Every structure is written in C-alpha cells, then in structure tokens.
Amino acid sequence: MSLRLRLILAFLAVASLLLLVGVSSFVIQRSIETQVASLRSVGGIDLRNVDIEKVGLEIEGYWDRSGSFVSNDVEVLGGTRRPKLRGAIQTIDPNRQTVMIFGTPIQILPDTDFVDSPAGSGLESLKPGQRVEITCRVRDSVWDARRVQIRGVKASDKIKGSATSAEIDGHPPESLEIHGLRVSLAAAAGDNADSAMRRIEYATQMALALHESRAAAHDLVGRPTAKLGEVDETGGDPPAMHSDAERLLQAGHDFQRYLQQSYSGGESPATLASDMTSDNVWSRWLRPLEQRQPVLSDHVETLLRLAVSDSAEARKFLDRVFDPFISDELHPLVAAYLSEAEESLGDELRSISSRIETTTG
C-alpha cells in the first residue's frame, strides 16, 4: 500500500472519529437541554395570534393573594362561553346574598339552580371553604349565579369563559380579564407541577400554611371571649379576635390550594391512586394529605365555634385535637413530600452534571 493511500485512510479515520464525537456531543447536549427544560418546563399556549374575545378559554391555576388568578394551563375552546368558576368559596355575605370566589362576588338568586345539593338550595346551603362550580351570567359587571354544583367538584381550580380584555404581547407579565376577574398568564411560561422545583415550592408553602394555622389558632384561643364581628366601644375596627379568625381560615384555604396544585397535571387523588407510575410516585403523600384536608377544615370550624361560645373548651380542643392533628399527622406527610421532591431535584441535577462531564471530558 502506497504512502499516499495510507495517509488518505488515516485522514478518513480521523475525520470519521471527529464526526462521531461531534454527533455524540450534539446528542448529549440536546439531552441535557431537554432535562434542564424539564426542571423549568414551558406550558400553556401562545395567545398572541388568537382573537380571545371571540373564543372560550379554559384556564387552570390558583388564586393568588395579590388579587389575580394565576394560570398554569390555558386551552382554547370553540365559540364564546359564559363564565364558569370552580374553586373554594372565600366568603359569604348574607345581606347581599353573594358568595366570593377568586375575589369575585357572585349573586345567588331565587331561581339559581342547585344541582344535587344534599343541603337544599339557596345561600344557606353554602359555607366558606366549600368547593363549588358555578356557572354565571354577567350583566353590567354584576355576576349572577345560574347554576351551582356542590357534589363531585374536582380538586383543581379552574375558570371557563371568554376574555373581555387582554394585555398579551409576548413579554411577561401578561394578563387578561373576564368581566373584571384578572388572570395572570405569567405562570404559563414558567414551571409546571411536574417540576421538582415546583413541588418543593408547593410543599414549602403547605408547611408554612400549617405553621400559620397553629399560630393563628393559638392567638385566637388566647384572646378574651368576644363575638366574631364585634366592634370596639369607639365603633372602630373589629377586635383582634376577628383578625385571628380570618388568619386561621385563610391558612386553611392556602393549605388546600397548594395541595391541589401539587397534583400532577391537575389530576385528582383517585387518578393518582390508579396510576402509580414513576411520574405519580407522589401519590403516596398526596392521597393521605387529600384525605385529611377535610378533617383540617372541620377542625378549623370547630375551633372557631368554640372560641366564640366556650373559651375553656376551645383551649382543650386546641391542645388535645387541633395541635396533635397538625403536628402528628399533617406535618410528617408534608415533610416527606418535601424530602421526596428534594431528592428528585438532586437526582436530576446529578444526571445533568454527569452528562456535562461526559460532553466536556
């Protein structure tokens, strides 16, 4: 074999090796980018090219204290839609015959249809913290309840309807409104519930909500006996007891909201129970938390009632039932869920680091 031929073959071998290394590096790099993206996955839909005032929107997310509904997922529906809200009742105003959901007062009318309501119909069948799905009609910015569903309401919070205004230009923060109900679309370009970092956030917020529940409960029971809603002698602000009651209720609602947001893709506990794949390993913590959440709501109601009627019994209930339930049953589950999410994040980061070393080594 001539020297020239040997040099050509050697050159081809080196070129082939470089091409193989290049292709392998490209494949590994793409895999790394995919895994990084899975940590902060992009969800939602680009609404810039959609005439959103002429279509219906199905928006899943949660109510934020800043005064807006934060979306995790948005779907476009054909045709305009009347508003439909699915979530927990925040407050009830018997004088105005309204319930508040997502910061929006909704009028309960004499002809409002209550579907399969075990407690009858009308405002008296509803209570704060209760999950409902309400189909509404809006006239002159007034929301009227046309249909109220109480049974079989899913765990995820959702809004359906057609937007009445929007601020969408491709640059966050973006938002839209449905008859005054503000929806923030910023979360659609951020994390989703499958991200380990997002789960760490949810678990941390649940732990903070439980801590706030205990603090508010102790402050409430430690106040002198007074009727909720009572004003001081000067006719000024309500007493501190009323504020503590509101804190306790809000903490319970926050715990429920972050628990709902922890469901992968908005799945219900029943779905998680039937799908114990690696993606739904979180079920072992979410299912028992979901089962205990109504008990927490009942304990909150009991403590509020006793704080008004019998302070001594309220103290006993706090020490013997409320505190042990949170510290012995809820806190360990939340801590285990947080630990699982932290381990998952660590595994993902180690996998990414290993691939980076393979690429650069």
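Analyst: The questions below concern this structure, which is a predicted model.

User: Why is Ser162 called buried?

Analyst: A residue counts as buried when its relative accessible area is under 20%. Ser162 has a relative accessible area of 8%, and therefore it is called buried. Its place is in the loop between β9 (157–161) and β10 (165–167). Leaving out residues up to four places away in sequence, Ser162 touches Val55, Gly56, Thr80, Arg81 and Ile178.

User: What makes the approach of the side chain of Ser162 to the backbone nitrogen of Arg81 a polar contact?

Analyst: The cut-off for such a pair of N or O atoms is 3.5 Å. The side chain of Ser162 reaches the backbone nitrogen of Arg81 at 2.8 Å, within that limit.

User: Why does Gln293 count as buried, and where is its place?

Analyst: Gln293 has 6% relative accessibility, so it counts as buried, the limit being under 20%. Its place is in helix α5 (residues 283–309). The side chain of Gln293 makes a polar contact with the side chain of Ser297 at 3.0 Å. Apart from neighbours within four places in sequence, Gln293 is in contact with Phe255, Gln256 and Leu259.

User: How do you know that the span of α5 is close to the expected one?

Analyst: The expected span is 1.5 Å times one less than the number of residues. For α5, with 27 residues, the expected value is 39 Å, and the helix reaches 39 Å from its first C-alpha to its last.

User: Which residues have the most contacts inside the largest nonpolar core?

Analyst: That core has 39 residues, and those with the most contacts inside it are Leu248, Phe255, Leu296, Leu303 and Phe322. At least two residues of this core come from each of α2 (196–222), α3 (240–261), α5 and α6 (311–360). The helix that gives the most is α6, with 13 residues. As for Leu296, setting aside neighbours within four places in sequence, its contacts are Leu210, Phe255, Phe322, Phe325, Ile326 and Leu330. A second, separate core of 33 residues includes Val74, Val99, Phe102 and Val148.

User: How is a pair of aromatic rings described?

Analyst: The description uses the distance of the centres and the angle of the planes. In this model the count comes to four aromatic pairs. One of them is formed by Tyr62 and Tyr258, which are 6.5 Å apart centre to centre with 40° between the planes. Tyr62 lies in strand β1 (residues 56–64) and Tyr258 in helix α3, so the pair ties together parts that are 196 residues apart in sequence.

User: Why is the pair of Tyr202 and Tyr258 called tilted?

Analyst: Planes under 30 degrees apart count as stacked and those over 60 as edge-to-face, the rest being tilted. The planes of Tyr202 and Tyr258 stand at 45°, with ring centres 6.3 Å apart, so this pair is tilted. The pair links distant parts of the chain, with Tyr202 in helix α2 and Tyr258 in helix α3, 56 residues apart. Tyr62, Tyr202 and Tyr258 form one aromatic cluster.

User: What makes Tyr202 and Tyr258 buried?

Analyst: The threshold is again under 20%. Tyr202 has a relative accessible area of 1% and is therefore buried. Tyr258 has 10% relative accessibility, so it also counts as buried.

Key. Residues numbered from 1 in each chain as written. Predicted model: local features only at pLDDT ≥ 70, side-chain atom pairs only at ≥ 80, totals over all residues. Heavy atoms only, no water. Helix = DSSP H or I, 4+ residues; strand = E, 2+ residues; numbered from the N terminus. Buried < 20%, exposed > 50% of the residue type's maximum accessible area, 1.4 Å probe, protein only. Polar contact = N/O pair within 3.5 Å; in protein donor to acceptor, adjacent residues only side chain to side chain. Contact = heavy atoms within 4.5 Å. Core = buried A, V, L, I, M, F, W, Y, C linked by side-chain atoms within 4.5 Å. Phe/Tyr/Trp six-rings, centres within 6.5 Å; stacked < 30°, edge-to-face > 60°.
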